[in-house]
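Here is a short tour of a few local features. Please have the sequence and the 3D view open as you read.

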Amino acid sequence: MAQFYSPKRRVTTRQNSPVLTLTVDNLDPFGQGVAHHNGKAIFVPGVLPGEQAEVQLTEEKNKFAKGRLKRLLSRSPQRVEPRCPHFGVCGGCQQQHADESLQQQSKAAALVRMIARETGVTPQQEPVIAGPQYGYRRRARLGLLWQPKQQRLVMGFRQAASSDLVPVTRCPVLHPELEQLLTPLRACLSALQVARRLGHVELVLADNGPVLVLRHLDALKEDDRQALQAFARTKNVTIYLAPDSDSLEKLCGETPYYQVDGLRLDFSPRDFIQVNDHVNQQMVAQALEWLSIQPNDRVLDLFCGMGNFTLPLARRAAAVVGIEGVATLVANGQYNAHKNRLNNASFFHENLEEDVEQQPWAAQGFDKVMLDPARAGAAGVMSHIVKLAPERVVYVSCNPTTLARDSKVLLSAGYRLARVRMLDMFPHTGHLESMALFINGSAPEVAAK
């Protein structure tokens, strides 16, 4: 799971800092160019491998330094023109200047290097699971800020290395159905009586149409409600109102849902769903193949959310147990299991960072284990997975560092790392997602496809 945009600490250039002429060797996982000078790695955003540039140092440590591109002296054939007019100012994308193959190659290589360094096992590089490079995002949160001097409402994303908002009129990584709402939505919100007291707006694309969640700091008057309803009718949008961080009121429209593996999953617009639908469909299919589910299997799905993997697994296994720490996701998982007539799927609301041995599901036996933890990984449950001794474990990760750490627990228990694939879930960003298959003992590997 990853956020779209997040403000970063502002870095200021030191006075009289040196300007160096450097040639970049490769990209780090975050898309920064990596050069070397006097034995020290220097990270420079915006420069690609093979390019020479004048770089001004902005930060210097004992083992590395950071720099700012002043002038590009040569161009890589893999440099492309960014599609977004806000690229370089908006903090959302860092790699639109690099072509698709370079982005994927550098991330996949970084994943293999990190796993090899931490575990001693060098996985074979496999084809990246990817989808379209643009128009892939089905969720985004835009900040809203009233500027009293200009008497206007700014709607946009955070500026790079700042908490300031960048007014956004286009966002090519958003699904086109969401991108085309940006201009008319800002106009609609600007005309509201409560325009000066708005927090943010979330856009989500469900399979049955766009969904909008409006965070408002003051109560909406009837005229504002009617204006929003008129916008919803014109643009075929479902609208939810959020007067605070816990409350959610559906103003108009249908309950959103998405489909995976032929199943319909209803969800609340604040529920976590995978942002990239194309990659999610392939990821679920790959997990099902790697787990090699048999009709008599009992499967454990840890950090299961609302059942993105749990319910497809339940179509194939004898029984599936999903464990999740967010109560609303557990409730939605149970609801969707019932709606899809999957009576062999059960869900538990439990904190997997606590003592899992005392939790009610822990006494059950399982043949296969699926897990998809947050960035912090699954340290609290890895020893119990070893105790369960499943034949196969599939681990989906949004943080290669914690994947490598948790892998060592399985490897030391006799599992082998059979397969690793990178997931290009967030093209043009520094997010590196992946999935790994671990096989217990002498069970046969899954043939690569």
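## N236: an exposed loop residue

In this predicted model, N236 counts as exposed because its relative accessibility is 61%, over the 50% cut-off. You will find N236 in the loop between α4 and β12 (238–242). Its backbone is worth a look too: N236 is not a glycine, yet its phi is positive, at about 55°. Most residues other than glycine have a negative phi.

## The second largest pocket

Sorted by class, the lining residues are six nonpolar, six polar and two charged.

## H428: a buried loop residue

H428 is another residue that is not a glycine but has a positive phi, here about 75°. H428 lies in the loop between β21 (415–423) and β22 (433–440). Is H428 buried or exposed? With a relative accessible area of 3%, H428 is buried, because the cut-off for that is under 20%.

## A six-stranded open sheet

Let us turn to a sheet. Its six strands follow the order β1-β5-β6-β4-β3-β2, and the sheet is open with mixed pairing. At the edges are β1 (19–23) and β2 (26–27), each of which pairs on one side only.

Within this sheet, β5 (residues 52–60) and β6 (residues 64–72) run antiparallel and are joined by seven bridges. Across from Q56 you will see R68 in β6.

Conventions:
Residues numbered from 1 in each chain as written. Predicted model: local features only at pLDDT ≥ 70, side-chain atom pairs only at ≥ 80, totals over all residues. Heavy atoms only, no water. Nonpolar A, V, L, I, M, F, W, Y, C, P; charged D, E, K, R; others polar. Pairing = 2+ DSSP bridges. Helix = DSSP H or I, 4+ residues; strand = E, 2+ residues; numbered from the N terminus. Buried < 20%, exposed > 50% of the residue type's maximum accessible area, 1.4 Å probe, protein only.
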